Amino acid sequence: MIVTSLLSACATVGSERVVGVCPPVVEYDAGFQARAAEEVQALSKGSAVVEMLRDYAVMREQARVCLLP
């Protein structure tokens with residue numbers, strides 16, 4: 001479940017629109033996401049990589065909000 005939320009970037013962020021240049025949001029196909037989920041599950045408990053992925057999920061969601069009209 002954690003892996004799914006990390007990879008789908010369903011993080012809670014504010015609804016304010018960011019002004020400026022919005023970074024592109026790379027889309028990953030289902031096969032790639034499944035492979036990444038397997039790799040994340042193989043990491044040791046408390047891995048720094050998992051924490052980094054949480055941060056990345058938040059940044060992806062912020063970029064999506066930035067792109068909204």
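Which residues of α2 are buried? The legends below take you through this and two other views. This is a predicted model, in which local features need pLDDT of at least 70, side-chain atom pairs count only at pLDDT 80 or more, and totals for chains, interfaces and linings use all residues. Residues are numbered from 1 along each chain as its sequence is written, and side-chain values use heavy atoms, with hydrogens and water left out.

**View 1. The buried residues of helix α2 are A36, A37 and V40.** Buried means under 20% relative accessible area, exposed over 50%, and partly exposed in between (1.4 Å probe, protein chains only). Seen down the axis of α2, these residues fall within an arc of 105° (taken from the directions from the helix axis to the C-beta atoms), so they line one face of the helix. Helices are DSSP runs of H or I, at least four residues, numbered from the N terminus; α2 covers residues 30-41.

**View 2. A disulfide joins C22 to C66, with an S to S distance of 1.8 Å.** A disulfide is a pair of cysteine sulfur atoms within 2.5 Å. C22 lies in the loop between α1 (2-8) and α2 and C66 in helix α3, so the pair ties together parts that are 44 residues apart in sequence. C22 is partly exposed, at 22% relative accessible area, while C66 is buried, at 3%.

**View 3. R60 sits in helix α3, residues 48-67.** Look for its side chain reaching the backbone oxygen of V26 at 2.8 Å.

Methods. Helix = DSSP H or I, 4+ residues; strand = E, 2+ residues; numbered from the N terminus. Polar contact = N/O pair within 3.5 Å; in protein donor to acceptor, adjacent residues only side chain to side chain. Expected span 1.5 Å × (residues − 1).
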